[in-house]
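Here is a short report on one protein model. Look over the structure first, then read on.

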Amino acid sequence: MPDFSDRLIACMAQANRVTAFTGAGISAESGVPTFRGTDGLWSKFRPEELANMDAFMRNPQLVWEWYAHRKRVIADVQPNPGHIALVRMEEFFTHFGVITQNIDNLHRRAGSRTVYELHGNIERNYCMECGKPATNEEVLRQGGVPRCGSCGGVVRPDVVWFGEMLPEDEWDHAVRAAESSDVFLSIGTSAVVYPAASLPLLAKDHGAYLVEVNPEPTPLTDRADEFLQGPAGVILPALMHALEETRAADGAAHPPGD
Ligand code: APR
């Protein structure tokens, strides 16, 4: 069981608003490959060939083969104790939200309600001509380069490719959450892809207690107030357990009407 500092537990026990910022690392224990790890996707595939509009224009078949493969991999995995711990945090704190860079939809599948998706969602697709949504079932049934059922236009996955703007609403929510957090948890991200990677420091500059959860140090580690070194699926449930124990002890020490 990891040890947590008194300062971290006190900060979180008193916190009104807590925000979790997640990257591919939180889904690693579910079996979803990360991007920049030793077996990461970018060690096998070239993002410039698969995750930008030029690549899609050049070879939509190749890009769709890759996304169809990722859709199948993600459909076969389950949320892990790290995702579940964030669902419990949403019940525990007055104000809690998840800002995620992940497109795997595992936070929602775990039961998180407040989720801001900065890079889209692999369970959604849309027509590039008329904007009509298409389900994964439809696009995977069609195979190849799927076409819109209404106008015949080319359908693309609803994910943010390199060089594309982040969805404005989600970004605005994420910035507001970062600026108003008492505690900001940066979980399972290498913190190198911008603008998302600017959020932890934005939160810290607005007074948040910045906590990083990662088995490896990142460029953010030196700026974090706490570095919880280890896998999210172990650290987060243990942190939740410590917070629940603290609240129970406080409750016993100060019963209602005390
Ligand atoms: N628990 C917590 N962190 C983990 C775990 C784990 N079990 N396993 C690995 N990690 C950490 C790694 O040490 C690494 O720092 O997760 C991080 C994953 O980093 P990346 O692979 O770079 O993923 P991410 O930060 O989410 O990438 C950001 O880049 O490729 C684009 O759009 C893509 O959203 C993605 C963005």
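## A first pair

Which residue forms a salt bridge with R156? The partner is E164, with the closest N and O atoms 2.9 Å apart. This is a predicted model.

E164 comes to 25%, so E164 counts as partly exposed.

## A pair across the chain

R223 forms a salt bridge with D205. Their closest N and O atoms are 4.0 Å apart. This pair links distant parts of the chain, 18 residues apart. R223 lies in the loop between β8 (209-214) and β9 (226-229). D205 belongs to helix α11 (residues 199-205).

R223 is partly exposed, with a relative accessible area of 38%. D205 is exposed, at 59%.

## A network

Seven salt bridges are counted in the model. Some of the residues form a network: R108, E117, R124 and D158 are linked by salt bridges. Within it, the side chains of R124 and E117 meet at 3.1 Å, N to O.

E117 counts as buried because its relative accessibility is 6%, under the 20% cut-off. R124 is at 34%, so R124 counts as partly exposed.

## Checking a helix

Helix α6 covers residues 60-75, which is 16 residues. At 1.5 Å a residue, α6 should span 22 Å.

Several residues of α6 are buried, including V63, W64, W66 and Y67. R70 and K71 are also among the buried residues of α6.

Note on methods. Residues numbered from 1 in each chain as written. Predicted model: local features only at pLDDT ≥ 70, side-chain atom pairs only at ≥ 80, totals over all residues. Heavy atoms only, no water. Helix = DSSP H or I, 4+ residues; strand = E, 2+ residues; numbered from the N terminus. Expected span 1.5 Å × (residues − 1). Buried < 20%, exposed > 50% of the residue type's maximum accessible area, 1.4 Å probe, protein only.
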